[in-house]
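Colleague: Hi! I'm new to this one, could you walk me through it?
Modeller: Happy to, here it is.

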Amino acid sequence: MIHRVRKPYIAGNWKMNLDRARSLDLIKTVKGRLGDGNDREVAFFVPSIYLADVSAVAQGSPLGVGGQNLWFEANGAFTGEVAPRMLREVGADRVLIGHSERRHVFHEPDEWMGKKVRAALDCDLLPIYCVGETLEERKGNRTDRVLKRHLETGFEKIRVEDAHRLTIAYEPVWAIGTGETATLEQIGQAHRAIRKWCVQRVGEEAANLMRVLYGGSVKADNAKEIMGVDGVDGLLVGGASLQADTFLPIIEYDLR
Ligand code: PGA
């Protein structure tokens, strides 16, 4: 049994999947299995169009509900975008920022990240800030450099007192949705580098409050060993978060 200083955080990222009825069913099932949520934090990141309905069902339970992206302005001529205050209004209490699909499919630049993280915090949304290298960057030995760049840009506007509200997700791009999980050694190495950076940035005491999750092809059969890697405080789960029978055993990784 490893000693944990931070509460484990298991998050499901639905991406652009499910429909309204199946979303609500899944929330009901997971809510019913969560207990008081004292020993772990569980959240779903939901397509914004379903947020109001999903958060209404989750209400009264410890289940967190979040958006998958935001724009950093409060309003204005930004067709297609969602403001932090709008996410709050429909019941979201958290948000993903810098997910690899935002960075690589929709070409979101590093320069937006710091403003997005700041805007989320200023609106009382808990961000999960995603970082991670592509296969090309890993093969070129640039993993550490990329992680540093992602962290520096994302936490540009961060103050020490924000630390307890920040979560980082290490998601190697080549492991997302591919069925290929990073090795335990690769995960450990990246998590050590991230934590070291955090300690340098906000000091040891504040950095100790920040959780660092792993994401990329997490499934019921590898969740436990990944959670056993030193420095892994939780999991960000895509494909396996879409059904109760694949997600529940991940939430309950330590009960099997
Ligand atoms: P995956 O996605 O679990 O389907 O690999 C993870 C993510 O993109 O957050």
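Colleague: Which residues are closest to the ligand, and how many surround it?
Modeller: There are 13 residues around the ligand, and the closest are Lys15, His99, Glu171, Gly177 and Ser217. A residue counts as near if one of its heavy atoms lies within 4 Å. This is a predicted model, where local features need pLDDT of at least 70 and side-chain atom pairs pLDDT 80 or more, while totals for chains, interfaces and linings use all residues. Residues are numbered from 1 along each chain as its sequence is written, and side-chain values use heavy atoms, leaving out hydrogens and water.

Colleague: What is 2.7 Å from an oxygen atom of the ligand?
Modeller: That's an N or O atom in the side chain of lysine 15. A polar contact here is a pair of N or O atoms within 3.5 Å.

Colleague: How much of the ligand does the protein bury?
Modeller: The protein buries 95% of the 280 Å² that the ligand exposes when taken alone. Those accessible areas come from the Shrake-Rupley method with a 1.4 Å probe.

Colleague: New topic, how many cavities are there?
Modeller: The count is 1 cavity of 30 Å³ or more, with a volume of about 40 Å³ for the largest cavity. On a 1 Å grid over the protein atoms alone, a cavity is a set of points where a 1.4 Å probe fits but cannot get out, and a pocket is an open set with protein on both sides within 12 Å along at least five of seven lines; lining residues have an atom within 4 Å of a point. A volume is the space filled by probe spheres set on the points, which are joined across faces, edges and corners.

Colleague: And which residues line the largest cavity?
Modeller: Among them are Gly98, Ser100, Cys130, His150 and Glu171.

Colleague: What about the largest pocket, what is its volume?
Modeller: The largest pocket has about 500 Å³. Its lining has 20 residues, with Ser48, Gln68, Asn69, Arg102 and Phe106 nearest the centre.

Colleague: Last one, how many disulfides are there?
Modeller: The search finds 0 disulfides in the whole structure, a disulfide being a pair of cysteine sulfur atoms within 2.5 Å.

Conventions: Polar contact = N/O pair within 3.5 Å; in protein donor to acceptor, adjacent residues only side chain to side chain.
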